[in-house]
Each structure stands twice: as C-alpha cells, then as structure tokens.
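Subject: Structure handover and notes

Dear colleague,

Here is the structure I promised to pass on to you. My notes on it follow below the model, and I would be glad if you read them with the structure open.

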Amino acid sequence: MATASNCPAPMSVTSNGSWDGDSPLHHALPLIILQICLVVVVTRGLAVLLRPMRQPRVVAEIIVRRRRSEKYDETQGGILLGPSALGRSTRFMSNVFPKQSLTVLDTLANIGLIFFLFLVGLELDVRSLRRTGKGALAIALAGITLPFALGIGTSFVLRSTIVKGARQAPFLVFMGVALSITAFPVLARILAELKLLTTDLGRMAMSAAAVNDVAAWVLLALAIALSGSGSPIVSLWVLLTGIAFVAGVVIFVRPVLHWMARRTTEAEPIKESYICATLVIVLAAGFTTDAIGIHALFGAFVVGVVVPKDGPFAGILIEKIEDLVTSLFLPLYFVSSGLKTNVATIRGGRSWGLLVLVIANACIGKIFGTIVAALIAKIPVREAVTLGFLMNTKGLVELIVLNIGRDRKVLNDETFAIMVLMALFTTFITTPIVMGIYKPARRAPPYKHRTVERSDMDSEFRVLACFHGSRNIPTMISLVESSRGTRRRRLTVYAMHLMELSERSSAISMVHKARRNGLPFWNKASGNADQLVIAFEAYRQLSSVTVRPLTAISDLDTIHEDIIGSAQQKRAALIILPFHKVLHMDGTLESIGHAYHLVNQRVLRQAPCSVAILIDRGLGGTTKVPSSEVSYEVAVLFFGGPDDREALAYGTRMAEHPGIALTVLRFSPSVTNPEDLEQDEACIANFRGRMASSSAAAEEGSARYEEVEATDSVKIIAAIKELRRRYNLFLAGRSPAAIPLVERTDCAELGPVGSYLASPEFSTVASVLVIQRYDPKADASKMTEAAAAEAGDATVYDVPDTPLSLVTPESSTRGKGDG
C-alpha cells in the first residue's frame, strides 16, 4: 500500500492573477521575481548603511544570507532576512521563501555564479602574471603557504571536536584553501577607497593577490576532486579528465575565440552570433566540468581565462553581461545558500573557542606570512604590516569554497557557520586597521608657482590636465599645444585619466589594465594600445612638451582628492578640468552626471593652485593631433578682478605661439574695487607693453587690445554675441567684476560670464576656458582649519609618474629635474 508523500507539490510557473483568487506567491515566476527584488533592495540598502565605515558591498551581501530556524524548521533570511528582522514573521518567510521555491532560486543563482566566474576569468590576464615581480611573487607564495599549513593544523582540531567522521584528505585541503584565499576584487575596491590603488604598495598587493587568486582556484579544484566518492581511483580520474578538459579548451576552443576576437573591431558593432556562441561555450564548458565531477563554475572560469584580452572583444563581453549578472543574479547566490549558515549552531564555550582559533589562525597565517616575505623583500615595516592586513581580505571566492565544501558534505553546519563568520570578520577589519596603521597622507612640499601669472615668466609651467575619456583628448591636446609658447621655458603636462571605480566587474579589469607593466595607463607592450595612449604618445613625439600620464581610479565621491593631491605633489600651477556637460550633434551641451559636476565644485573649493574648467566644443577638430601649424583665434573677456587677470596671463602665454591670434576685450566701466582696479590697470599695461615690444606680433596682428563700452547686461551680451563666430576659444575669469548675464543657471561654478558662455543662448562652436586664480589667503584659512582638526593630516596621495626607464630617451631627458 502506497504511503502519502510529505514532499510539497511542485509549483506551476505563472498564476491566473489575484482577481481570479489565485495568489502569485504560490507560483514560481512571480515568486522568484519578488525574491530577486527583495534581495537586491535589502543588499543595496545595507551596503549604503555600511558605506560610512568604508566596507565593500560583499560584506552586506554576506550578511544578507539565510539560515535555518531550528524552531520552525524553515528557511529564513540572515541577519536582515531572518529572525532579527523580517524573519520574525513566520508567515512572511513561509510565503516569500517557501521550500518549494528553493530549487528555482538555487538554479538561477548558480547560473549567475557561472557567468560571474566567466567574468572573473575575463579579468585575469595570464601575461600579467608572467610579469609579476619577484617581491610580489614571494609575498603571494608566503601568503598561501603559511595559512594553508595553519589551515591543515586547524582541521585536525576541528575533526577531533565538531567534524568527527569527515574524510581527512578533502577536509584538510578545504580548510587550507579557506584560510589562504585573498579576494582580488574586494582588495581592489578597498585599495581604491583608501587611495592606495595607484601607489607602489597597491601595485604590490594587487600583483600578489592575482597570483593568490590563481593558486586558490587550482587548490579548490584539487579539493573538489578529493571530495568525490572517496575512492582514490575516482579522484585520480577526476583530476586527469579535468586536466584534459583544460587542454581541450586551449587546443580547440581558444582558436575559435581568437577568430571571433580578430573579426571584432572598434569601428563596427560586435555580431550577435559571436555573443551567443560565446555564452553557449560558457554553458557547455560548465556542463562538461560538472559531468567530470569538479564544478560547473570551473568550466566557465577556464573559458574566461582563454578569451583573448587584446582588442575590444573581451571588453564588449563584459559590457554585455556584467550588469545583469552582478546586479541581479549574484546577490541571489548569497541568499540561495540557505540552510547553511546557522549561527545558532555556534553555542557553548567549545564552539566559540574554535571560532576564535579559526580567526586567529587565518589572521596569523596570512598576515605573518606576508610580513615576513615583505621584510625579506626589503619593504619597510609599516608597509609590510599594511600589506599583511590587505592580503587577509576575504570575499566571494571564500564563500564559493565554503558552499562547495558544504554541498559535498565535507563541512557541517557548525563548521560552515564558523568559517563564514571568519570571512566576515577578516574582511570587516581590513579597512579600519589599514587606515589606522598606514597613512600615506603627508603634507605636500611647499612650492612657489601656483598661478599662471608670475613675476618669473621664464620658469617652468606645470599643468595637470584631467580627462574622463577619449572625447576630451583632441581639445585637451589642442589647448596644451596652444599653451606651450615659443620661449625656452619648459611646459610639463600631467595628463590624468579620471576613471571611476564602481562595483562592476569591469572596474577590476580596468585596474588590471592600468597596472600592466607598472604603468598608470601608458601601455606600450600591449598590441592594442588604446587611442588615449596613441594620442598622447603621438603628441609627445611631435612637440617639445613633456607629457607625463597619470591615472586616478577612485569613486567619484572622492576622486577630487586624487586630483588635488596630485596637483600638490607635482607642483602644478594650473588644473584643467573637463566640464560636466558634453557637446551633442545639435550643438547643445548635455550633462554626463551630477557626480561629475560635484567633482569640479570640490576641486574649485580645495585646489592648491589655479583651476580652469574647459567647456569643450571641439577645439581643433575631433581627430587631429596639433602641431606647430595650429591656427586659432582666441579672445580674453576682461572685466577685472583676480580671475580675469589670471585668464589674461594665460592668454598672454598663448599669444607667444605663432599660430595663435589673441584679442583682449576689456569691458568698461568696471565695477571692481579700487585695489583691484589698480592691479587691473597694471596687468593691462603689462600686456600692452609686451605686445608693443613684440614686433612680430605687431606686424602680424597676432595680439590685439580693444575696449568695449558696456554699461548693462544687455549691452555686454550683445557685444559677446558679435564675437562668437570669429573665435575658436574664449578665456574668462570665474568671478569677474561683472553683473550676472543669465537669470538662472545650474552651473554657478562658472561665474556670471562663464555661465552665459555655457548656456544654450550663446550658440557657438567656440570652446570656453573659465579660470579661477589661486587665492593664498583662502588656502591659508583652509590649512588652519585642517591643522586645528588634526595636525599633519593633509590628504595628499602621490600618483606615480610613468617610469622614465620605460619611455623614450627624449622624454627622459625632458623629464629630468621633475618633482
């Protein structure tokens, strides 16, 4: 006689609707949609709450995990989706996360994990591992060996207490791997938060973490092979077929991927068939490795590693799939690990003692091993200790190891909970401890020339030119070329690429690219040097200007600190910032985001030198690299005041270029104060004296001075409108002695004249440079406030130059004496 089954009936996919009396929570599709929305909202909300403590988002995702309630024997959320909050309602949890939905949730989460591991493989450039320095390699090996050994020692203690009966070999390997892992993506974001990403310490940590990452995957594959049926013969077959699979991917799949990569160009969109074929290959590889007995994620990872990194193919693949995977599917993996993390299993003195033992061994092994290797590599003590704590960062890979161990019955509930808490603790403490023991911030050395206008006009002129992407490059280079003058004085340009570090997977790929060969973004060794490198390298070779590339990789909320710190460290006289609005085909300016707007405002408030905001309307065209044959008409709109005098000084410098025709238009009467009026007259007299003393300028008419009578805003606007078709570039002060020219503006940082020049009313093809002169009085007050808050805590972060040994001899010669 058949017995009734206690298993719940499988869910149907869709419901008939609430109006028909059918609850959507009893059907798979609407329920999984609700679960996804809930998980994403709770995870992102917790990440926002943890952000003031500078914790990476993975900490929030680990916390939002489910566990089993022994009282109700139901799947419940973790700290927020569990008994501490929403899980207090048993009815809520049984409806939103019923047992019948777990298969769908787990399957969807693991599909997301497969494609995430494919993205991880795309980020890993095997060639960069070959170029890892001996110091980083030694640190990586020491950071694996000692914690692995301590993990094995810990496993004996656990097997004799709470994991009795576990198979020895796989348990030893799983524990060793769990304690020796360093989370490469999490480490990159922590380094970016602490402004260490572009320092020597950050480079060392990233290189060692990349090697550690590869070693962790190899060891994990070994652990999975050993955790099979228990038969040594079966484990051997798993290892051999796994090796054969990797060889097969390299021999057969890699040529196919290279063929598709060669047929993908920047100029044409990638074929949909290539994307589809690649995704199918990833899934097929996952099926193969799962059939072998390793895990489906290994197949996806191997395919990602062999995808060619040269050309746009890998970048396009990341762009196509990363947002959906990392934003929706990956958080499900942390929640779909339900029935595993049961903190209630850790009770009693023995369990808490074992938790302390595991955390202590994880920290001692990783930190001590790294410190010893770093000291042997002659790294200073403070940097060595900082490196040790950085390498102790855990993350998603740690959770994958633990989940696989739990699924393979190698880890029980109590051991699993202890290891998860260990991962949370070690990741959580990294940022505050590193901030406490290592402060790269130091006061910048004082320097003299912080403005364009100066008494010693033959001294070196240093400019920090910032740009977001390729669209800023032509105008930026045209402006630099126009500023070089013809005198023997040197012009040094620090070209800083502002790159946002987000939570996206491609951000880590970007970090890899920025750090390749130890160069910020100057990548001569790569066969696919991007257009940014080509443009600056071409200009450097064609001009007498020293160009030094830098990269700022940071969150947009703090990237202004990189700009300000670099300007101080490089002793820049002028910072050039791109306007937060870009030109469209119809001639209008459209914002690229409020965050970029705030970056410019913060730099204007805190800059250690003069600042210019460039409103780019295509100065010099979109493709040409300027040479000595440039020919531009430049107008300086002079109303009076310090900022206008700075704009005039910059225009005077530009007038020295044989291809620049400068016109200074002085609007009068001025509304400035008597002291400024006296300095304005002296500045104008100095300019006219220079113009008169230059016979070439007088004969060719390359420098002209005009006065415009304008008593109100209507006449000023009319006079400016008459000029818009004649000139390629307008120079204006940010705070001139002028009345407002527009009633309302969303660009108050440009001042009254600049706001009008950037408004739709001023329709022109001319670019605009709005300049703010450095005010030493305001800077002194800011320094006084900072000193009162915390003496000696100026936030200056050195972004290293391109190593002179890796650029041409010409630039090395020009770069001597650079500080």
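Leaving aside its neighbours within four places in sequence, which residues is Leu220 in contact with, where contact means heavy atoms within 4.5 Å? Leu220 meets Phe174, Val177, Phe298, Ile400, Val401 and Ile404.

Before going further, please note that this is a predicted model, in which local features need pLDDT of at least 70 and side-chain atom pairs count only at pLDDT 80 or more, while totals for chains, interfaces and linings use all residues. Residues are numbered from 1 along each chain as its sequence is written, and side-chain values use heavy atoms, with hydrogens and water left out.

Leu220 belongs to the largest nonpolar core, which has 134 residues and in which Leu117, Phe118, Trp217, Leu220 and Ile400 touch the most other members. By nonpolar core I mean a set of buried Ala, Val, Leu, Ile, Met, Phe, Trp, Tyr and Cys residues joined through side-chain atoms within 4.5 Å; buried is under 20% relative accessible area, exposed over 50%, and partly exposed in between (1.4 Å probe, protein chains only). Helix H9 (residues 200–226) supplies the largest share of this core, 14 residues; helices (H or I, at least four residues) and strands (E, at least two) are DSSP runs, numbered from the N terminus. A second, separate core has 54 residues, among them Leu665, Leu757, Ala766 and Val770.

The axes of H9 and helix H16 (residues 396–407) come within 11 Å and cross at roughly 5 degrees, the axes being lines fitted to C-alpha atoms over the stretch in contact, with angles running from 0 to 180 degrees between N-to-C directions. The two helices, H9 and H16, are therefore roughly parallel to each other, a term that covers angles under 35 degrees. Asp213, Trp217, Leu220 and Ile224 in H9 meet Val397, Ile400, Val401 and Ile404 in H16.

Elsewhere, helix H18 (residues 473–482) is mostly covered, with ten of its ten residues buried, including Thr475, Ser478 and Glu481.

Cys609 is buried, at a relative accessible area of 1%, and Cys747 is buried at 4%.

Finally, His497 lies in strand E4 (residues 491–500) and counts as buried at 9% relative accessibility. The C-alpha atoms of His497 and Pro549 are separated by 7.7 Å, although the two residues are 52 apart along the chain.

With best wishes

Conventions:
Contact = heavy atoms within 4.5 Å. Parallel < 35°, antiparallel > 145°, perpendicular 65-115°, else oblique.
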